[in-house]
Amino acid sequence: MSKTKGRLTLPSQANFLKETKELIERWGADAIRDSDGTKLDEATKQLDAKIYTTYFVARNHNEFAEKHMEECQQIYVMSKFHLATSSELEIPFMDGYFTDQVQPDYVHDEKLYWEVIDRTTGKVVSVENWVLDKERNIVTVHGAEAFHEYTVSFLVYAIWDPTQMYNHITNNWGNVPHDIPFDVRQPASNEYMQTYLKNWLKENPDTDVVRFTTFFYHFTLIFNQLGKEKFVDWFGYGASVSVAALEAFAKEKGYRLRAEDIVDEGYYNSTFRTPSKAYLDYIDFIQKFVATEAKKLVDLAHDAGKEAMMFLGDNWIGTEPYGKYFKEIGLDAVVGSVGGGATLRMISDIPHVKYTEGRFLPYFFPDVFREGNDPTIEANKNWLSARRAIMRNPVDRIGYGGYLSLAYQFPKFVDYIEQVTDEFREIYDVVKHTKPYVGLKVAILNAWGKLRTWQSHMVAHELPYKQIYSYLGIMEALSGASVDVQFISFEDILTTDILKDVDVIINAGDAGTAFSGGDVWKNPELLTKIREFVYNGGGFVGVGEPTAVHHQGRYFQLADVLGVEREMGYSLSTDKYFTKELDTHFITEDIKDVRKIDFGEGMKNVYGLTENTEVLEFSNPKVSQEVEGIVMPANAEGKEFGEIHLAANPYGKGRGVYLAGLPYSPENTRLLLRALYYAAAKEQEFKKWYSSNLSVEVHAYPEKGLYAIVNNTNEAQETEVYDGHGNHETVIMNPSEIRWEHM
């Protein structure tokens, strides 16, 4: 591979000039950045590279914040559940919160902005029936119902930025001052943020790119009394709430928000919750405000002859790049942390910016760069998972963050990143600004739609929580697949003709979540439109508990399309006969043993609905029953004990497919693609730009007359490679090799 340069941002720090120059040369960097906890010295700033400077809008300004503590950011939080055993109940509402991070708001009238709720009945306790003891941080409820549970929803001031707090604890920063976040909705703070930036721009003439990290409101991140994470939601809008915001919302929208609209029974409107109208209105309200205020800062940067870049993280709430106000901010670029293929596409697909940048892992912090650990392992895993997505739509730049001096101590790591950066530039030069071959158009259907493009089932980037890895696998598989992916909402289907260009719909998630849909599936118009779409030749793939809500004798509301239903205990008296697996099927053609398919957490008690259901995997556990001392086999009286995890179903001219879950793996990526092609009735087109080996993928670029054969593993692989006309040849690939061929 030839040595190239550019499209790489290198982190550096003071007193590290010689080593920085060496890595600029070896890694081909054309930009240098500082990080949280590091600064660039004057000598480094004079190097032949673009200079990124981190700029914190609403933190790292304690000289101002300490004089205006009444303008600190605020958050609505909820106390623990407390049981009343008599008519008097004391609730120590700060129990479980980290007082270094949050303090109760005793400035504003608690009787106007706080709520005490009987969680047994859901009723709000009258303000006359509770009192606040500010000295002891206790709310006393009078006239409580014995053996009912109660909570207090209350406003706090945030007095420590949670990202700086995390970095502070991780890196043992000791006496470094705690960054106090202030609220730009407040008058003094708003004036300060503009005045300070104007002066800062004059004082930093060497800065080429202002890296806003980010703007005003941090994603929801609350710590417990031990200084450990208590609640984290990368999409949470909790830290944007304040008395000023509540009053402005009432004026703009024409109604008042309750504390409960934000606290949401203690779920805090997690992205998994089906959003209420009030919460959607609040999101719209915040995004509009943030876009307006952020544009002022971006304009200042532009007026100073500098580019404006936003970090997609930290204080990013209100700037969601797929939202309707994002374009108005006028940013030049967005940079975000890359956890894998899904987050890579989340960044690279962002519209309305000149370029995008991915910050790859690992971060150069001592938790990874420590004696006895090999950071190359994480770097390799991160690169190979993201590379699949880069082959479809690359970010324009890549980079790293943290302490360069730590990374420099690991020569093997330095060597590996040198290979990665050259390979990235090689891919970029071919792939960017050309449309790769796609065989299908797939629509991911959930409550959030386009707003959360590539962000379905994420809690904090791509962290694999037990309840979601079976669904995150869909995003990861599709991020590097030869299909077009769009994200649509239920409202899109109801109000537009968005399905006219779609081949297959995917609905995936647990029942009642925003991703499955919950009560929206009681809407007959929605069901009718999707049934019509499939009946006329479209495909529908359901994963987990798709279309699930118990209503009118169904649990899966599109059970007729999927060919399966879930037993919820109501129809045990109805026999289920359709359990016989098909010996062969297009969807399972690459599977040697269907018993070894990884469905993740899976789904219990799913059964075939009719004789037309194509059962592709039926789990039949070896259980037995004992009746009056006689052990009977599991299939006594002809009844099968087990459940379906994979099935297909004809529906008019179209097809439905059901999967119990889909964690990410090469095997499951192939299984999903086959399911999509089968649902779309395009099996005959499947082996175009195709590899017989599941660990090798083929990406074609017709406009360039090139295609790439990509080994996604660190081992040599042999495969049959098919071109776009069905011709094939045997290819042997080196570990993690990309081989470019002319069509």
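Here, "buried" means under 20% relative accessible area. Keep that in mind for these close-ups, which come from a predicted model.

**View 1. Phe424 and Tyr428 form a tilted aromatic pair.** Tyr428 has a relative accessible area of 5%, so this residue is buried. Phe424 is buried too, with 0% relative accessibility.

**View 2. Tyr535 and Tyr651 meet edge-to-face.** The planes of these two rings are at 90°, with the centres 6.0 Å apart. Where does each partner come from? Tyr535 lies in helix α16 (residues 524-535), while Tyr651 lies in strand β31 (residues 643-651), so the pair ties together parts that are 116 residues apart in sequence. Tyr651 has a relative accessible area of 15%, so Tyr651 is buried.

**View 3. Ring pairs build a cluster.** Follow the rings from one to another and you'll meet Tyr55, Phe64, Phe182, Tyr192, Tyr196, Trp200, Phe212, Phe215, Phe216 and Tyr217, all linked by ring pairs.

**View 4. The charged end of Arg452 sits over the ring of Trp448.** How far is that charged end from the ring centre? The distance is 4.1 Å.

**View 5. Lys576 has its charged end over the ring of Tyr607.** Here, the charged end of Lys576 is 5.1 Å from the centre of the Tyr607 ring.

Methods. Residues are numbered from 1 along each chain as its sequence is written. This is a predicted model: local features need pLDDT of at least 70, side-chain atom pairs count only at pLDDT 80 or more; totals for chains, interfaces and linings use all residues. Side-chain values use heavy atoms; hydrogens and water are left out. Rings of Phe, Tyr and Trp (its six-membered ring) pair if their centres lie within 6.5 Å; planes under 30 degrees apart count as stacked, over 60 as edge-to-face and the rest as tilted. Buried means under 20% relative accessible area, exposed over 50%, partly exposed in between (1.4 Å probe, protein chains only). Helices (H or I, at least four residues) and strands (E, at least two) are DSSP runs, numbered from the N terminus. A charge sits over a ring if NZ of Lys or CZ of Arg is within 6 Å of the ring centre and within 35 degrees of the ring normal.
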